[in-house]
Amino acid sequence: MTEMEPRVRMVGIDLQDTDEARTIIDALEQDNPDAVIRRMPGMVKVQSPGKLVILRSTVEELLGQEWDTQDLQLSIISLSGNVSSWDEDEIVLQWEH
Amino acid sequence: MRERYQQLTRGVDWTPSYVSREQMYPYTRFEGIKINDWEAWEDPFRLTVDAYCKYQTEKDKRLYAVLDSFAQGQGHLQASDARYFNALRLFLQGVTPLEYQAHRHFAYLARHLDGPGARFACLSQSIDELRHAQTEIHAMSMYNKYYDGFHSFPRISDRLWYLSVPKSYFDDGLSSGPFEFMTAISFSFEYFLTNLLFVPFMSGASFNGDLATMSFGFSAQSDESRHMTLGLEVIKFILQQDEGNVPIMQDWIDKWFWRGYRLLGLVACMQDYFLPRKVMSWKEAFELYLEQQMLDGLFPDLEYYGIRPPRHVDQAIAEKEYMSHQVHWTFYQYSHAASFTTTIPPEEELDWLSEQYPDTFDQYYRPLYDKAAVMEASGSRFFNSALPMLCQVCQIPMAFTDVGNLGSFTQRFSEFRGERYNTCSDGCKWIFDREPEKYIQAWLPVHQILQGNCGGATIPEVLEWAGIQPGDGGEYKTSTDAENWRAWHQNGVTA
């Protein structure tokens, strides 16, 4: 009998398929190595086991200009997971318990 | 960012000195929910009024640019088929009025909740919901220029039988207390069930060439992420404030899961039958968004607070195999009295349904459409002229069956003050039995027609009273829309 693996719960974010969002997705891929990206018409689903992090510094580096974490509001479609923190430098999605 | 948010929201709150707190906020105690510290409310988005206005303005600019461009380019002709517009009719009639009601009620909460963080979140949502109502109307207004069934939606939504389903759902919430409303709408509808409403419609739009609705959808969804966060925050906040809140919340989660799930029957029908280009089946969407994301993702989190998955969820899981078919078969036979058209799906789509629903479609539902096809070919397309029995709670015709027994319609009964009330399922009966005084007041369209309150004793009189015009309903293939679609897609003919 095989051992039971601890259940892995995915957190995720769905983003619009726009220029700005594509850069955010590139940043997500860089900062979340276990993230799985699923492209659908008009939107992109990014899922990660347990935790997903968006770092302003990475987005700015890839975008080539200043970016406010609040600007995510223009690209976001949906979330799965708890917004455990959101400040000037990062946004963290994870389940709490 | 955090300090700025604190100053512009909490910092402007005050303790009343001319009146007591209870007099200033009279509605937040009667439900039995205990809030000991409103300061514990956390807003993860930390949106201040200036940031709110900045982002919402930008979203509107982008959206209206798309809508203008779409209209200028006669974008409606890009749709997969005019049959697709029935999905939009259902949306405009069934969802848009609810957005407006949400706007009104969140404005009420923006005044009547004790905590400033909660009030501000509700104020933002109130303006969001008005924005949604308005942008939906704008997005669909161009279809109203070319197709039937889009006109008069506020009147139709108040009077027409199947629209009492979404209307009564929301009225139930509006007439509940503030905490139940937030559990019902912010949590249950805007978080728990939201993807099952939005993804079918918006991806459906995208797959079927409807750029206008798709753009609206993505634009609105960015607001929805804030609403989802409010929903999650509200439920955790209430659960953490007092242990006594837990059983009250559990009951509400149970009630509003089932009410929302039954309402989504209309969406399931749309998703499986109204989209010429399919996104995914209701069954697949249910497995992804409800079972995987919610039951496996969210609810283990809520276990920490003493919450278990909703009562009757097992029936919803079992019903994923056939619920959309039961609803569509009902709408197919009653669309002569609706503000949308229906039709037997083309052969390839019937094959898709057989493939998506291997355990039920061929056994129980495909034979119905085969028979309907024979009737149609002989010149008597099947329409049901009888008035159906409606469930006292969800108000849907009683076309549902017991789990494990698809051959027999479910009828549950409750007696209250000497009268018998009928419900479609254990879920709806449970809801009725815990609040009978509320549900005996339901405005059931069929009863109202029989009482003579709907314009007359014949279907044409009832439809006129409801605001329906010829061409709005019936069979798709022989409709004016279908005829126009063919004409407009021939070479050299313009709209």
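**Close-up views of a two-chain contact**

View 1. Residues are numbered from 1 along each chain as its sequence is written, while chains are lettered from A and ligands numbered from 1 in the order in which they are written. Because the model is predicted, local features need pLDDT of at least 70 and side-chain atom pairs count only at pLDDT 80 or more, whereas totals for chains, interfaces and linings use all residues.

**View 2. The open sheet of chain A.** Four strands of chain A form an open, antiparallel sheet in the order E2-E3-E1-E5. Strand E2 (36-40) and E5 stand at the edges with a single partner strand each, so one side of each is left without a neighbour in the sheet. From one strand to the next the twist averages 15°, with axes taken as lines fitted to C-alpha atoms, for helices over the stretch in contact, and angles running from 0 to 180 degrees between N-to-C directions. H11(B) packs on this sheet, touching E1, E3 and E5 of chain A, and its direction makes about 35° with that of E5(A); two residues are in contact if their C-beta atoms, placed from the backbone, lie within 7 Å.

**View 3. The contact between chains A and B.** Chain A gives 23 residues to the contact and chain B gives 28 residues. On the side of chain A that touches chain B, the elements giving two or more residues are strands E1 (10-16), E5 (76-80) and E6 (82-86), and the largest share, five residues, comes from E5(A).

**View 4. B:Gly231 in helix H11 of chain B.** B:Gly231 lies in helix H11, residues 211-241 of chain B, and is buried, with 23 other C-beta atoms within 10 Å; a residue is buried at 20 or more such atoms, exposed at 12 or fewer and partly exposed in between, with C-beta atoms placed from the backbone. Not counting residues up to four places away in sequence, B:Gly231 touches B:Ser186, B:Phe187, B:Glu190 and B:Tyr191. The C-alpha atoms of B:Gly231 and B:Ile185, 46 residues apart along the chain, are separated by 7.8 Å.

Notes: Pairing = 2+ DSSP bridges.
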